[in-house]
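Welcome! Try each task before you read its solution.

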Amino acid sequence: MEALVALARNCIFTVLCGCMLLSPSVAAEEAADVATGERLAELLRAARSVLSNYQSLINDPTVGDKHLDGARFTAEATALYAKRTGHPLITDGLAERDRKLLQAQVEAMREVVDEEQDDINRPGIGFKGFVPAVFARLMNEKFAAKVGNEALVRVTAPEVLVRNRKSLPDAWETRVITEVFSKPQKPKGEAHTEVTKVNGRPAFRMLLPEYYTESCLSCHGSPKGEIDITGYPKEGGKAGDLGGAISIVLFK
């Protein structure tokens, strides 16, 4: 419902029997955009999870070839996506736009993993620095290079939590994080959507909140200020705290 309310501030409504109703065509477009955004976010999450599961292997200094190339990685990421969502990544009824964007994501993650092979397989070195956050940023940058005129995906966070300045939230993301996600009545985990402008172009925007899990706390937990394995001070977060957000832009 919040997605429809947000869209109401930006879209054309029709008047029927004295009530404001979202026109069927606009409602259908809104639903399609939400579905596209959710697919892109879920594939990104699946890919990060696969990389997270392989951190011990990647950082094992005693193992050279990890046999974790782009083909294996993308196969596992798409399989995890299917397991989590209950359907394959590409289906017969999938819209052409979604098919193109999802395939671009798969190509982006494959290229990132293949380009990191020298570091992934480097023996004698433990921590490689190829963590899910770094992987996601590189994957999203490649995705933008492929389809940035149609869509953008990025991971951001409240400004006080951002470690890489490239991931700083823009004005819209900052407003949603501080004003919308902080509302007590806002259901936890619910995305926020609006139709607005990005780089001067009309666009559907979607921000999906993400919360720390126990696995995040080795880097982002307590004690606050202690230097973690990546070289950054821990934020002192707790499981369930808002730790970031996936930002989706679909240009009109």
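**Exercise 1: one residue**

Q117 has its place in helix α6 (residues 117-120); helices here are DSSP runs of H or I with at least four residues, numbered from the N terminus. This is a predicted model, where local features need pLDDT of at least 70, side-chain atom pairs count only at pLDDT 80 or more, and totals for chains, interfaces and linings use all residues. Residues are numbered from 1 along each chain as its sequence is written, and side-chain values use heavy atoms, leaving out hydrogens and water.

Task: Is Q117 buried or exposed, and which residues does Q117 touch?

Solution. 
- Step 1: The relative accessible area of Q117 is 17%.
- Step 2: Buried means under 20%, exposed over 50%, and partly exposed in between (1.4 Å probe, protein chains only). Therefore Q117 is buried.
- Step 3: Leaving aside residues up to four places away in sequence, Q117 touches L68 and D69; contact means heavy atoms within 4.5 Å.

**Exercise 2: two helices**

Task: How do α2 and α7 pack?

Solution. 
- Step 1: Helix α2 (residues 24-53) packs with helix α7 (residues 132-147) at an angle of about 140°, and their axes are 9 Å apart.
- Step 2: That angle makes α2 oblique to α7. Angles under 35 degrees count as roughly parallel, over 145 as roughly antiparallel, 65 to 115 as roughly perpendicular, and the rest as oblique.
- Step 3: On the α2 side the contact includes L40, L44 and R48, and on the α7 side F135, M139 and F143 are among the residues.

Definitions and conventions
Axes fitted to C-alpha atoms, helices over the stretch in contact; angles between N-to-C directions.
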